[in-house]
Amino acid sequence: MENEVKKELPACPVETTLMLIGDKWKVLILRDLMPGTKRFGELKKSVGNVSQKVLTAQLRAMEESGLVHREVYAEVPPRVEYSLTALGQSLKPILDSMLAWGEEYKSRQL
């Protein structure tokens, strides 16, 4: 990591967080990986109406930022599993707050 140039992060911590998880699909991927490891097909089904190309790009970006771990098994056919890193798991309180806020909002709309 010494030789790698670190990406320039925004000065604002909120902007940094949004940069890492501020995409609809990334938040849903985090939600679906919180309980545990999933294969690509399971994630695609649980996340919803996301294309394979977009899901792959989002997972790669999250892996690059240290939120997601990708494990490839040398089997035939190849098996790939995704899980959250400790850093990814540390976003649980944020997702829990989003859940609570969404439930409160929905209850006011009825």
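**Figure 1. Burial and overall layout of the chain.** Of the 110 residues in the chain, 27% are buried in this predicted model. The chain contains 6 helices and 3 strands. Read from the N terminus, these elements follow the order α-α-β-α-α-β-β-α-α. The C-alpha trace spans about 50 × 35 × 25 Å along its principal axes.

**Figure 2. Thr16 in helix H1.** Thr16 is a residue of helix H1. Is Thr16 buried or exposed? Its relative accessibility is 16%, and because buried means under 20%, Thr16 counts as buried. When neighbours within four places in sequence are left aside, Thr16 is in contact with Leu9 and Pro10.

**Figure 3. The packing of helix H1 against helix H2.** Helix H1, residues 13-21, packs with H2 at an angle of about 80 degrees, and the two axes are 7 Å apart. The angle makes H1 roughly perpendicular to H2, because angles of 65 to 115 degrees count as roughly perpendicular. On the H1 side the contact is made by Met19, Leu20 and Ile21, and on the H2 side by Lys26, Val27 and Leu30. By class, the residues of this contact of H1 with H2 comprise 5 nonpolar, no polar and 1 charged.

**Figure 4. The loop residue Pro35.** Pro35 is located in the loop between helix H2 (24-33) and strand E1 (38-39). With a relative accessibility of 74%, Pro35 counts as exposed, because the term exposed applies over 50%. Which distance separates Pro35 from Gln89 in space? The C-alpha atoms of Pro35 and Gln89 are 9.7 Å apart, while the two residues are 54 residues apart in sequence.

**Figure 5. The packing of helix H3 against helix H4.** Helix H3 (residues 40-47) and helix H4 (residues 52-64) pack at an angle of about 110 degrees, and their axes are 11 Å apart. H3 and H4 are therefore roughly perpendicular to each other. Helix H3 contributes Phe40, Leu43 and Lys44 to the contact, and helix H4 contributes Gln52, Leu55, Thr56 and Leu59. The residues in this contact of H3 with H4 fall into 4 nonpolar, 2 polar and 1 charged.

Figure 6. The peptide bond that runs from Val76 to Pro77 is cis, with omega near -5 degrees. Pro77 belongs to the loop between strand E2 (68-73) and strand E3 (79-84).

**Figure 7. The second largest pocket and its lining.** Rolling a probe the size of a water molecule over the atoms shows where empty space is left. The second largest pocket holds about 240 Å³ of space. Its lining consists of Val27, Leu28, Arg31, Met34, Lys92, Leu95, Asp96, Met98 and Leu99. H2 and helix H6 (92-109) are the elements that give two or more residues to this lining. Which element gives the most to the lining of the second largest pocket? That element is H6, with 5 residues. The lining residues divide by class into 6 nonpolar, no polar and 3 charged.

Notes: Residues are numbered from 1 along each chain as its sequence is written. This is a predicted model: local features need pLDDT of at least 70, side-chain atom pairs count only at pLDDT 80 or more; totals for chains, interfaces and linings use all residues. Side-chain values use heavy atoms; hydrogens and water are left out. Helices (H or I, at least four residues) and strands (E, at least two) are DSSP runs, numbered from the N terminus. Buried means under 20% relative accessible area, exposed over 50%, partly exposed in between (1.4 Å probe, protein chains only). Axes are lines fitted to C-alpha atoms, for helices over the stretch in contact, and angles run from 0 to 180 degrees between N-to-C directions. Angles under 35 degrees count as roughly parallel, over 145 as roughly antiparallel, 65 to 115 as roughly perpendicular and the rest as oblique. Contact means heavy atoms within 4.5 Å. Ala, Val, Leu, Ile, Met, Phe, Trp, Tyr, Cys and Pro count as nonpolar, Asp, Glu, Lys and Arg as charged, and the others, Gly among them, as polar. On a 1 Å grid over the protein atoms alone, a cavity is a set of points where a 1.4 Å probe fits but cannot get out, and a pocket is an open set with protein on both sides within 12 Å along at least five of seven lines; lining residues have an atom within 4 Å of a point. Grid points are joined across faces, edges and corners, and a volume is the space filled by probe spheres set on the points.
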